[in-house]
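Thank you all for coming; please look at the sequence and the structure for a moment as they come up, and then I will walk through a few parts of the fold one by one.

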Amino acid sequence: KIELSREEQLRILTKLTDAVTFERYLQTKFVGAKSFSLEGAESLIPLLDMAIEKAGRKGATDIVMGMPHRGRLNVLANIMGKNPRKIFNEFKDIDGPHSDGRGDVKYHLGYHRDWICEGGRKVHLDLTFNPSHLEYVNPVVMGRLRARMDRSCNDPVRCGLSILVHGDAAFAGEGIVQETLNLSELEGYSVGGTLHIVVNNHLGFTTPPRQGRSAVYATDVAKMLQVPILHVNGENPEAVAFAVELALDYRTEFGHDCVIDMSCYRRRGHNEGDEPSFTQPEMYRAIKQQKTVRQGYLEHLLELEQITRDEAGEISKKSRAYLDEEFEATEDPSEETPDGDVGMAWRRYRTGPDDEAGEVPTGYDRDGLATLLEKLATLPEGFGAHPKIKKGLGARLEMARGQRPLDWGAAEALALASLAVEGYPVRMSGQDTQRGTFSHRHAVLHDMETGATYAPLSQLSESQAPVRIINSPLSEGGVMGFEYGYSLSYPDGLVAWEAQFGDFANAAQVYIDQFLASG
């Protein structure tokens, strides 16, 4: 157990109060509207608060998060700092048919902010946009964080953190979860460990666990990593605080994922228009009698004489007054904080019609290309490449001298090399991408005697940008999602995912439809 100070206990109570007040406020002001309530799982709010504070103390400067619908509005308001009036405007559809809040879009929006920790340290928070395929945001989050780490961080375990919030049924049922876990400790994809939080209300819409998984626990898929899975009662906020402390200490020490399985309940139906007792009558008879997490924790603090009812009342009054103030200002458009984090990396880019951008010169000096190709075809002294590789490199030397026309592999190598020497990073991944499915690339060579490797694209000049050619696991969706996320935080580099064949791309179709096309 950990011993919490009175200040820490009051902070937990305040966060629980904010969570409860926000849910009730939405239901009072927007009767019958869907909000995918967090009620029953309100401990998620102090959990995230504690995780961010702890990560900040450990040195994190960037936290990238992904989560489903359940509780997303509450997280946006009480963790991400999205102005409640903006959320209220989205419910009112103030902007009419062009409103970003129209329909169910408000439950998919991302946001970003700078969080100032108790000790004054600044941490940048980013909640990633997410479509209805709930778990598919997972590798996108990891890719975004890895790009930031590659850009500016020498200690990935301490400078950044990815937090993924899951539903229990989705964590057990969606294969993209396994793909994401499998990426977690691979050299080209690791982000120093992800904190997974499973909001486990023991129900997937109407499907109970016995119909939704063959395993005992929703988190059993995470056993593949041999990392801690902490099962904690969400109605005991101090136990949740202990789980957060332990999980992030483990992650900092070992650089691996950690999973918190927070057992809780869902007070309402899948959404506020759903009637859960149609299919779970016994469960919902019990839930109707269940006190809120805040009530239970307040009673605990009163019993310990750590707080008075008057102090608790003041916390509630202040939380309600803030929402009243924001609601009264709902039609005020002055709050213009952008939802998506374009960040510094995107500042010099702009949107608009293509013909407004003008032509961009993409040619390259012929002598410069010849010099690059000669470097690409030259092995270091004593490197014992395969005889067929040596023959192929000899052919490339002839191409460099104008004695043979370029082939596809040489042309591609020159395209990548010319970007790198001009300062543009290159990242390409996929199954067998280093050699190339058709033995056309050979971006990474292997010594036949020692097994040592040599990457010609990384040996062009001392000032070149990094070139990363990565063999991916046998995964299409997870890897494409990761590279898509990476590209969001690295617009000034070439980021490519290579599908060996068209039917490989079919397995990544969710990212094509719901991320690439819609973006």
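Predicted model: local features only at pLDDT ≥ 70, side-chain atom pairs only at ≥ 80, totals over all residues.

Put another way, S1, which spans residues 62–66, is mostly covered, with five of its five residues buried.

What does S1 pair with? On the one hand, S1 pairs with strand S3, residues 122–127, in the parallel sense and over four bridges, and within that pairing methionine 65 stands opposite leucine 127 of S3. On the other hand, five bridges join S1 to strand S4, residues 160–167, and these two strands also run parallel; here isoleucine 63 has leucine 161 in S4 as its bridge partner.

Staying with strands, I would like to point out tyrosine 111, which lies in strand S2, residues 111–116. Is tyrosine 111 buried or exposed? Its relative accessibility is 2%, and because buried means under 20%, tyrosine 111 counts as buried. If you look for valine 221, which is 110 residues away along the chain, you will find that its C-alpha atom and that of tyrosine 111 are separated by 29 Å.

Now to the helices, and a word on how we talk about them: two packed helices are described by the angle between their axes and by the distance between those axes. Helix H2, residues 44–57, packs with helix H10, residues 237–254, at an angle of about 30°, and their axes are 10 Å apart. H2 passes H10 in a right-handed crossing. Among the residues that meet there are Leu47, Met50 and Lys54 from H2, and Val240, Glu245 and Leu248 from H10. Sorted by class, this contact of H2 with H10 holds nine nonpolar residues, four charged ones and no polar ones.

The other pair is helix H17, residues 477–488, with helix H19, residues 509–517, where the angle is about 15° and the axes are 10 Å apart. Why do we call H17 and H19 roughly parallel? Angles under 35 degrees count as roughly parallel, and H17 and H19 are therefore roughly parallel to each other. H17 passes H19 in a right-handed crossing. The contact is made by Gly477, Met480, Gly481 and Tyr484 of H17 together with Tyr511, Ile512, Phe515 and Leu516 of H19, and these residues divide into six nonpolar, two polar and no charged.

Note on methods
Residues numbered from 1 in each chain as written. Heavy atoms only, no water. Axes fitted to C-alpha atoms, helices over the stretch in contact; angles between N-to-C directions. Parallel < 35°, antiparallel > 145°, perpendicular 65-115°, else oblique. Left-handed = near helix turned anticlockwise from the far one by under 90°. Contact = heavy atoms within 4.5 Å. Nonpolar A, V, L, I, M, F, W, Y, C, P; charged D, E, K, R; others polar. Buried < 20%, exposed > 50% of the residue type's maximum accessible area, 1.4 Å probe, protein only. Pairing = 2+ DSSP bridges.
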